[in-house]
Amino acid sequence: MTDFKKQLIALLEREIPELADKIQAGAVDARTPAPFAAFITPEETPVRTLHGIAGYRTMFEVAVYDGRFAEAERLKHRAIAALEGAEFDGKRSRFVSSATEYYADYDLHGATMTFRII
């Protein structure tokens with residue numbers, strides 16, 4: 001796979017300019033000012049059958065955060081629009097699901113989206 005990280009960051013920064021230089025891989029520093037985003041690189045899980053491995057399911061997640069719920073939701077919808085059908089190494093990403101969270105200690109709202117690469 002080509003450099004997924006660079007492609008993903010470039011795509012999100014182009015489509016959501018307020019996230020420029022605010023997209024991190026994995027865990028995010030608690031001092032990072034909102035809005036910001038984090039992602040995990042694709043993970044492949046084998047699809048097993050009685051006859052062996054039939055293929056692989058490739059998934060990745062992107063999370064967006066903001067101090068206001070409405071803004072976190074807006075970021076979520078913009079990220080979904082940017083990534084739905086985006087091409088990575090000749091394959092397309094598809095939105096699978098999302099979850100919304102609130103971190104009271106930081107007065108921070110977040111949305112985590114899961115995508116499948118097919």
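**Exercise 1.** Leaving aside neighbours within four places in sequence, which residues is L12 in contact with?

*Solution.* Before starting, note that this is a predicted model, where local features need pLDDT of at least 70, side-chain atom pairs count only at pLDDT 80 or more, and totals for chains, interfaces and linings use all residues. Residues are numbered from 1 along each chain as its sequence is written, and side-chain values use heavy atoms, leaving out hydrogens and water.

Step 1: contact means heavy atoms within 4.5 Å. Step 2: with that cut-off, L12 touches I23, V62, A79, A82 and L83. Step 3: L12 is also listed among the residues with the most contacts inside the largest nonpolar core, which has 24 residues. Such a core is a set of buried Ala, Val, Leu, Ile, Met, Phe, Trp, Tyr and Cys residues joined through side-chain atoms within 4.5 Å.

**Exercise 2.** Is S93 buried or exposed?

*Solution.* Step 1: find S93 in strand β5, residues 91-103; strands are DSSP runs (E, at least two), numbered from the N terminus. Step 2: S93 counts as buried because its relative accessibility is 0% (buried is under 20% relative accessible area, exposed over 50%, partly exposed in between, with a 1.4 Å probe and protein chains only). Step 3: the S93 side chain reaches the backbone oxygen of L83 at 2.2 Å.

**Exercise 3.** How many bridges join β5 to β6?

*Solution.* Step 1: 10 bridges join these antiparallel strands, and T100 stands opposite A111 in β6. Step 2: β3 also runs antiparallel to β6, with 9 bridges. Step 3: 9 of the 10 residues of β6 are buried, so β6 is largely enclosed by the rest of the structure.

Definitions and conventions:
Helices (H or I, at least four residues) and strands (E, at least two) are DSSP runs, numbered from the N terminus. A polar contact is a pair of N or O atoms within 3.5 Å; within protein, one must be able to donate a hydrogen and the other to accept it, and residues adjacent in sequence count only if both atoms are side-chain atoms. Two strands pair if DSSP finds at least two bridges between them.
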